[in-house]
Structure formats: structure tokens, C-alpha cells
Amino acid sequence: MKIELRGRNVLLLVLVAIVLISGVVNPRFLSVQNFLNILLQISVLGMVSLGATVLLVSGNLDLSVGSLISLSAYVAGMGLLRGVSLPLAIFLCLSVATLFGFFNGFLTSLERAHPFIITLGMMTFLQGIAVVISRGSPINGMGGLYELIGIRSILRIPFPVILFGVLFMFTSFFLRHLPLGRYAYAIGGNQEASRLSGIRVGRVKIALYAINGLFVGIAALVLSGILDSALPTMGTGYELRSIAAVVIGGTPLFGGRGGVWGTLLGVFLLGLVSNSLNLMGISANFQNVVLGAIMVMAVMFQGSR
Amino acid sequence: MKRFSIGLLVVVFGWVVFLGAVWAEEKTVEIAFIRATGEPYYQYGSQAAEVAAKKLGVKMIIYTSNLDPAQELANVQDAIARGVDGILIYAVSLSSERAAVDTASKAGVPIFFQYGYHPDLLPKSAGFMQIDLKGFARPLGEWMAENLTKGKVAIIEGTLGRGDAEAYSEGFKEGLAKNPNLTVVAQVSGEWNRQKAYEAATNIITAHPDLAGLFVQNEDMAVGAANALERLGKLEQVRIVSQNGAPYGLDLIRAGKLQLTNANPPSIASVMALRLLLGVINGEIEPGHFYWAPTQLIDQNNLDVAYRWDAEEKDIEAWLSLPLPEPVIPPPAS
């Protein structure tokens, strides 16, 4: 059987190479605990990246996810601080995130500007709200959320990892088997043709952005649970890292193809490189050089397909 | 495609050789130095600690969290997985360390914090060292209260949201309150950024052309603010005070553009923190204590005896024989 060295295969090869090299250099890398660490470290980015995948296959993107993480996590924290029950705090967080996702979708569906500009504006807007309502102060202690998500494990597997696994399976099923998922690919492939074939493009976009918002809300809960705190700037950077993970995984920025398995590899690559460099004791100043070079190589390769 | 594969193999092979050489080094006591960003403050802190570590026969590995609390926790987990003997950390925020402390204490690895003090976390840590945020800015307000008779004062703050910028403003105002004829007319965020501070100073002086005093919360921003005032011909009129004692801040004082700074040199603080952590690792120092970080008010009169951020090797060597800071007992309530 001839195995072609292209696309996802190369990404897998790079991942295997990193695992082998890191394992040789520092045997602790191959410990079960370290793999659980890696899985925990990538779980939040993974959740955000799943949402980004749903949008990117439809040719859309959302730059406001980082600010939305900060805002929705802070809303949950404020609720807990004021004595609301844990389920209500979770509901508030998910509602805020989904609502703003919906709003992003609505603005995008008007097609007055590119989603890049719309969500860039939204990013600043949401970050501003987060700073205003927090008055710049972090919330220390998330109470029951920390107990539920931050420290709980099932069969040694941290709860956030299990949650990421469930979301991953859902997204995979959603994109492959549900009409909305298939419409996402169709719109990403050719929006005008999709419209002519009867797909209500505007509504589909709104739904996809709302789903993305829900994923962001879940990621916000998990992040604030793991860190046992909510900060008005805690989501900064997730917007670009999630898009990078999706693109490294083979979903192009203009949409129409790609999927969650590639995204999983992209997220793994980012998490694995960072972890292995740390375990190898590579200087922090040098780490960004290596990480950046690997990202550029991976994306260049994806682009050459 | 073939060329790409060959290139990939060459990179992988090179990596193996390089990392093999790294691993071949003799195993000694290892400390992970986790810093919040790669900005000058943390760079100078980690560089001084590296020099000190070398002289003490300790291997030091530097991690950067890029102001991301999740990355900070990942760094702590990775350092523990690597098998370090201790962790020295500049926390990203004033509140996100609980996960780091829990992780480190579960693994039995001592973790010493520079900044981010919380009394609940103290017993689980190797120690905390930081400045009193409000107390640090208070003398700068007092200086203005004594040196300005009356008028308008403005503040250019750092990024809001971590708690430190807010505390500095509060402390400065407490000191300033000693002169009731001084009024704070503007508080603008410069986001710890020189360019933003330049713009903030321009806007403040446009709104208040008769401004008498300006408190800028770090000297990177002070450079921007002083440039803006100089360009607008207001540098003689506005008295500026700042914080940190960075090399470019000392240059501003030397040039007469900055009147006073309160320095918290990351260099000597990191060296002292490293020595305290090593003491805990070796069982010579009791863990779980709080220490004040070294600070120094600097004006034109004592510029030459200031602890420098960019300390030379001989200075760092001398710091190794200075007495260690005494623990604060009882530790601060918050």
C-alpha cells in the first residue's frame, strides 16, 4: 500500500517525531501524567478551535472569541460572587456567549462588511464591556465551578478533557451528518450557488455563529474553573491561536473543506510543541522562534496542497 | 514534495542532535523561572537570576507565560513534569495562582512567588516577595504634595484589570491628599505602553493646559509622556514622577525630565528570591513566609548608588553575600 506524504499525514509525522524526540531527550515526557497535562492544556484552546472550525468551513471567522471568553467568564464569576447558584451562573455564562455569537452572526448575515472587520470591532467592544463591568479588578475564587471543573477527574482524566472529547464528537457529527453542518461546507464552497440552491445563507450564518458562541461560553467556564478566577483580560490571544490551530489542521481560511480531525491535530501540535520545548529546557526567548517556524511550515504546507 | 520531506528529515535530525547534547549535561539542582512576559522588567529579572544561579551552581530554565494565565499553569505543569527542584514565578495576575500553587504543592515542588500575594496561598508556597502596591506609589504622591503648592495633577495608569494599576493610583492619591490644594483632574490608561502614554499625555495637556504634576505608573510610559510634554513645550511646567527605576528611567532623571522614581529593581529582587527558594529547597529556610521586595527612591542626588536593572556580574556577585530579606511576621492581611 502506498501512503502519500501529504496534508494530514505530514502533520501526523511531525507530531510523532516530536513525541519520539521529546521522549528520548526527557523520558518524563512519555509519562501518563505529562500526557494528561498536555490534554488539559489544550482542552480550552481545543473547544474554541472547534467553534472556529464550524465557522471557517463556512468561510467565516470570529476575532471576538477571546474577549467573549473574558466577558462571559466574568459574568459567571460576578454571579457566583453575588450568591447565585452554580447552575444559574453557568446558564448566565453560556447565555451571554451564545447571545453575542448570535449577534455576530446577525451582523455578518447583513453582509455590509467582511466578518473580519465586524468581529474585530466586536472584539474591542466586548473587551471594553469586560473592563467596565469588572472595573478592572479580577475575581478571586470561583467556588463550586472550581470544584466541578477545575479539579475533578474521572478515571484520572481531567473533567475539561472529557468535556472537550464530548464537544469534539458532537462537532464531528454535526459537520458530517446534520443539515446545518453540510450547509456550512456548501456556503464555504460557494455562497452564491448555495443561495440559489435554496439554502437560507443568512440564517445558517446566524446559527453557526451562535454555536460558536456556545462553544466559547463552555470554554470560558472551563478556563475560569481551571484557574479558579475570572479576569477581564483572560481570553486575550485565543482568537488568533484558535484560527492558527484550525488552519494548521488543513481548514482553509476561505472555507469549503476541512474538519475537526485536522483541527485536533493542529491543537495537538501547538500544545505538544510548547510542552516538549518546556520539558527539554529550551530557553523561553528561543521557544517562540521554534513555535513560529513550525506554524509557518505547517501552514505553508497546507497552502501548497 | 520530495524536497519538503528531505527538509523535514534534516530538521528532525538536527533537532535530535541538538537536544541530545542538551540532555547530556550533568544533572544539577534545577530551577524553573516562570516570567509573565518577555518585557524588559522580566528580562532583566531573569537575566540577573541566571547569573546568580550560575554562580551558585544551579541550572535555571526560563519560561514565559505571555500574560496568559492558562499558559502560566501549563508552564508550571511542564516544569514539574520536567523534574525541576523548585519554581520561581512572576505570576501573570494577582489572582490566578491558586491552580499553580495546588499543582506544585501536590507534586511536592516548592514554588516561590514574586508578586500576586494572597494570604490563603502563603502556607502552601515556598514564599511570596513583592512590594506593597499602594505603599509603593504613596511616597510619589507625598513628594508632589510637598513640592507643588497648588494645581492640577494627572495620572497615566497601566493596563486596568490586574489590580496593580488600580492600587498604584490609590496609593498615589493617598500621598497627594496631604496637600488639599492639589486635585487629580485626569486618570488615563497608557496600557504600560510608550506610544499610548505619549497619546495620553498629549490628550491630558490639551484638556488641562495648566497641568502642574503628572504621575506615570512606569518609566516606559514616562519616556512617552515626557516626549509628548517636551514637544508641546510643557516639560518645564509639569513635574513628573514615576516608578520602577529602569535604565531609561534613570536616563530621564539624569536629563532632568523626571523628578523622582520609586525603583523596584527586578534584578536584585530576583536574586534574593532565588536565594530564598534555594534555602527552602535545602531545608535551611522555613517555607510559607512573606518578604518585602527591595525598593529605592531615586532622584538626581542618588543616581550613582542605585541598584540597576542591568546590573553587572560583579554587582550580582556582591548581592549573593548581602543579608537575605527578613520574613514579615505576621504577614500582610491582603
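Hi everyone, let's begin with a helix. The buried residues of α5(B) are Leu133(B), Phe136(B), Ala137(B), Leu140(B), Gly141(B), Trp143(B), Met144(B) and Ala145(B). Please keep in mind that what you see above is a predicted model. This helix, α5 of chain B, runs over residues 133-147, which makes 15 residues. From its first C-alpha to its last it reaches 23 Å, close to the 21 Å expected at 1.5 Å a residue.

Now slide along chain B to another helix, α10, residues 266-281. α10(B) has 16 residues and spans 22 Å between its end C-alpha atoms, close to the expected 22 Å. How many of the residues of α10(B) are buried? It is 15 of the 16, so this helix is largely enclosed by the rest of the structure. After α10(B) comes Gly283(B), and its phi is positive, near 80°.

Next, a strand. Find Ile240(B), which sits in β9 of chain B, residues 239-244. Is Ile240(B) buried or exposed? Its relative accessibility is 1%, and anything under 20% is called buried, so Ile240(B) counts as buried. Who surrounds it? Setting aside neighbours within four places in sequence, Ile240(B) touches Leu214(B), Val216(B), Ala226(B), Leu229(B), Leu235(B), Lys257(B), Leu258(B), Gln259(B) and Leu260(B). Take Leu258(B) from that list: along the chain it is 18 residues from Ile240(B), yet the two C-alpha atoms are separated by 5.3 Å.

For a loop example, look at His208(B), found between α7 (194-207) and β8 (211-216) of chain B. With 16% relative accessibility, His208(B) counts as buried as well. Beyond its neighbours within four places in sequence, His208(B) is in contact with Lys152(B), Val185(B) and Ala186(B).

On to charges. Side chains of opposite charge can pair when their charged atoms come close. Over all chains, the count comes to 22 salt bridges, and I'd like to show you a few.

Here is one to find on your screen: Glu317(B) with Lys55(B), where the closest N and O atoms are 3.9 Å apart. Why do I like this pair? Glu317(B) lies in α11 (313-319) and Lys55(B) in α2 (40-55), both of chain B, so the bridge ties together parts that are 262 residues apart in sequence. Both partners are partly exposed, Glu317(B) with a relative accessible area of 45% and Lys55(B) with 33%.

A second pair is Arg194(B) and Asp220(B), whose side chains meet at 2.6 Å, N to O. This one also links distant parts of the chain: Arg194(B) is in helix α7 and Asp220(B) in helix α8 (219-231) of chain B, 26 residues apart. Arg194(B) is partly exposed at 33%, and Asp220(B) counts as partly exposed at 21%.

Lys314(B) is exposed, with a relative accessible area of 56%, while Asp315(B) is partly exposed at 27%. Salt bridges can also share partners, and over in chain A they join Glu111(A), Glu192(A), Arg195(A) and Lys205(A) into one network.

Finally, let's see where the two chains meet. Chain A brings 49 residues to the contact and chain B brings 44. The area buried between chain A and chain B is about 3800 Å², with carbon and sulfur atoms giving 62% of it. On the chain A side, Ile21(A), Leu227(A) and Asn278(A) lose the most area to chain B, together 14% of what that side buries.

What polar links run between chain A and chain B? There are 13 residue pairs in polar contact, both at pLDDT 80 or more. Several elements of chain A give two or more residues to the side that touches chain B, including α2 (32-57), α10 (201-227) and α12 (260-280). Which element gives the largest share of that side? That is α1(A), with 7 residues. Sorted by kind, the residues on this side of chain A are 28 nonpolar, 16 polar and 5 charged.

The count of salt bridges between chain A and chain B is 2. In one of them, Arg98(B) pairs with Asp228(A), the closest N and O atoms being 2.9 Å apart.

Definitions and conventions. Residues are numbered from 1 along each chain as its sequence is written. Chains are lettered from A and ligands numbered from 1 in the order in which they are written. This is a predicted model: local features need pLDDT of at least 70, side-chain atom pairs count only at pLDDT 80 or more; totals for chains, interfaces and linings use all residues. Side-chain values use heavy atoms; hydrogens and water are left out. Contact means heavy atoms within 4.5 Å. Buried area is the accessible area (1.4 Å probe) that two parts lose on being put together, summed over both. A salt bridge is a side-chain nitrogen of Lys or Arg within 4 Å of a carboxyl oxygen of Asp or Glu. A polar contact is a pair of N or O atoms within 3.5 Å; within protein, one must be able to donate a hydrogen and the other to accept it, and residues adjacent in sequence count only if both atoms are side-chain atoms. Helices (H or I, at least four residues) and strands (E, at least two) are DSSP runs, numbered from the N terminus. Ala, Val, Leu, Ile, Met, Phe, Trp, Tyr, Cys and Pro count as nonpolar, Asp, Glu, Lys and Arg as charged, and the others, Gly among them, as polar. The expected span of a helix is 1.5 Å times one less than its number of residues. Buried means under 20% relative accessible area, exposed over 50%, partly exposed in between (1.4 Å probe, protein chains only).
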